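Here is a short briefing on selected helices, side-chain contacts and aromatic pairs. Keep the structure open while reading.

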Amino acid sequence: MSTASRRRAYAGPILFSYGFRPFFLGGAIWASITAPLWVWSYLAGDGWLTREWHIHEMLFGALAAIVAGFLTTAVPNWTGRMPVIGAPLAGLFGLWVAGRVVMLAPGLSSVITGVIDSAFLVVFAAVVWREVLAGRNWRNAPVCLLVSLMALGNVVFHLRPAFWDTDIAWRVGIAAIALLIALIGGRIVPSFTNNWLKAQGQAPTARPESRFDHLVLLATAGALAAWLVAPASVLAGSAMSAVGVLNLVRLARWGGWRTLKEPLVWILHVGYGWLALALGLLGLGVLSTVVPPTLGVHALTVGAVGVMTLAVMTRASRGHTGRALAADRSVQLIYLLINLAAVLRVAAAAGSLNPVLLSASVIAWSLAFGLFAFTHIPMLTRPRPMVAGQA
């Protein structure tokens, strides 16, 4: 039985018929809640939610759910194997929810919290490895490695008081997600762009995954490795600055300006553009005293991650539920809000963490993810619409 046939034969709750359904919805809701919770605690000065909690829940909470939603949907298409649906998917989602609960629960020991919270990414990485290896889908082994790196970063977060400095865990998580965007974004951005251009009767742009793309990916991985190990070194700063430029050249080759008529396509280019900018700013933050180090971090986490995840979530939700691949007004507003959040957060980081800019950024971020959750609940929780003439 094919992957598509297995999906059609599924007769359980609709929410667990595809991985993107529970994880996109849960990740969006959590992303819209955690940011204002932390800013409220930060501005109130009550210490209820720490900076470490905020970073963890953005990287290993909300973002991990969205990555899981994408990969549990995409991997079966890559491998042709049985999709993770029904009870296994519900169990995986339950592990993620349990992690969010213990990260908020007061009074639990650090060991219990660490074990429960780490379980989701560890199990998820094992599932991805199993499917890719069993399907002999060697091309996507790097994806497995990056998911494993995220899982390792989360484990390090919980072990950090005893063995490592506070920041190593989030650097591991950021490095993994930056490479995931470079790797998967480098496939889907030119592919979706070419598909749209062909539908418009136009010639395609540069083909994806050329030798140049492979060199950029290798250079980006090397630069991030240097930044991970020695974030304040001249080598890391120079390498990150260089790969920022290389990724910008890579993006330019995809011809995003030719897709301005369709927001569902050009937003992918904007998201990748944030990645190139963030890598460059991270490098300049090391080499120059003028550029604050946090500038690149927030260009990556709010800009590249925020924009690219919402771009993928809106497109995948429509494509896999039988909707037209076109951005309506609510989706366009989501794109506007998340880019506004990124600009405001970078501006706040450029100064002395201006509370007005910080609050405005968080409001825009929460509205973007909250609007996604609100407008996409019907398509994520209801059956795929029947097309005309379908039995």
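## Thr72 and its backbone contacts

A polar atom of the Thr72 side chain lies 3.4 Å from the backbone oxygen of Gly69. The backbone oxygen of Ala68 is 2.6 Å from a polar atom of that Thr72 side chain. The model is predicted.

**Setting of Thr72**
- Thr72 sits in helix 3, which covers residues 51–79.
- Thr72 has 6% relative accessibility, so it counts as buried, the cut-off being under 20%.

**Helix 4**
- Helix 4 runs over residues 87–104 and has 18 residues.
- At 1.5 Å a residue, helix 4 should span 26 Å, and its end C-alpha atoms are 26 Å apart, so the two values agree.
- The buried residues of helix 4 are Leu89, Leu92, Phe93, Trp96, Gly99, Arg100, Val102 and Met103.

**Aromatic pairs**
- The count of aromatic pairs comes to 11.
- Phe93 and Trp96 form a stacked pair, with 5.6 Å centre to centre and 25° between the planes.
- Both Phe93 and Trp96 lie in helix 4, three residues apart, or about one turn of the helix.
- An α-helix has 3.6 residues a turn, so residues three or four places apart point the same way.
- Phe93 is buried because its relative accessibility is 16%, against a cut-off of under 20%.
- Trp96 is also buried, with a relative accessible area of 4%.
- Trp266 and Tyr335 form an edge-to-face pair, with 6.4 Å centre to centre and 65° between the planes.
- This pair links distant parts of the chain: Trp266 is in helix 10 (residues 263–287) and Tyr335 is in helix 12 (residues 329–350), 69 residues apart.
- Trp266 counts as partly exposed at 25% relative accessibility.
- Tyr335 counts as buried at 2% relative accessibility.

**Aromatic cluster**
- One aromatic cluster is formed by Phe16, Phe23, Phe93, Trp96, Phe120 and Phe124.

**Nonpolar surface patch**
- Trp40, Trp48 and Leu104 make a nonpolar surface patch of about 340 Å².
- Trp48 lies in the loop between helix 2 (20–44) and helix 3.
- Trp48 is partly exposed, with a relative accessible area of 46%.
- Leu104, another member of the patch, falls within the residue range of helix 4, 87–104.

Methods. Residues are numbered from 1 along each chain as its sequence is written. This is a predicted model: local features need pLDDT of at least 70, side-chain atom pairs count only at pLDDT 80 or more; totals for chains, interfaces and linings use all residues. Side-chain values use heavy atoms; hydrogens and water are left out. Helices (H or I, at least four residues) and strands (E, at least two) are DSSP runs, numbered from the N terminus. The expected span of a helix is 1.5 Å times one less than its number of residues. Buried means under 20% relative accessible area, exposed over 50%, partly exposed in between (1.4 Å probe, protein chains only). A polar contact is a pair of N or O atoms within 3.5 Å; within protein, one must be able to donate a hydrogen and the other to accept it, and residues adjacent in sequence count only if both atoms are side-chain atoms. Patches are made of residues with over 30% relative accessible area and no salt bridge: like charges are joined within 9 Å, nonpolar side chains (Val, Leu, Ile, Met, Phe, Trp, Tyr) within 5 Å. Accessible areas come from the Shrake-Rupley method with a 1.4 Å probe; for residues, only the protein chains shown count as cover. A salt bridge is a side-chain nitrogen of Lys or Arg within 4 Å of a carboxyl oxygen of Asp or Glu. Rings of Phe, Tyr and Trp (its six-membered ring) pair if their centres lie within 6.5 Å; planes under 30 degrees apart count as stacked, over 60 as edge-to-face and the rest as tilted.
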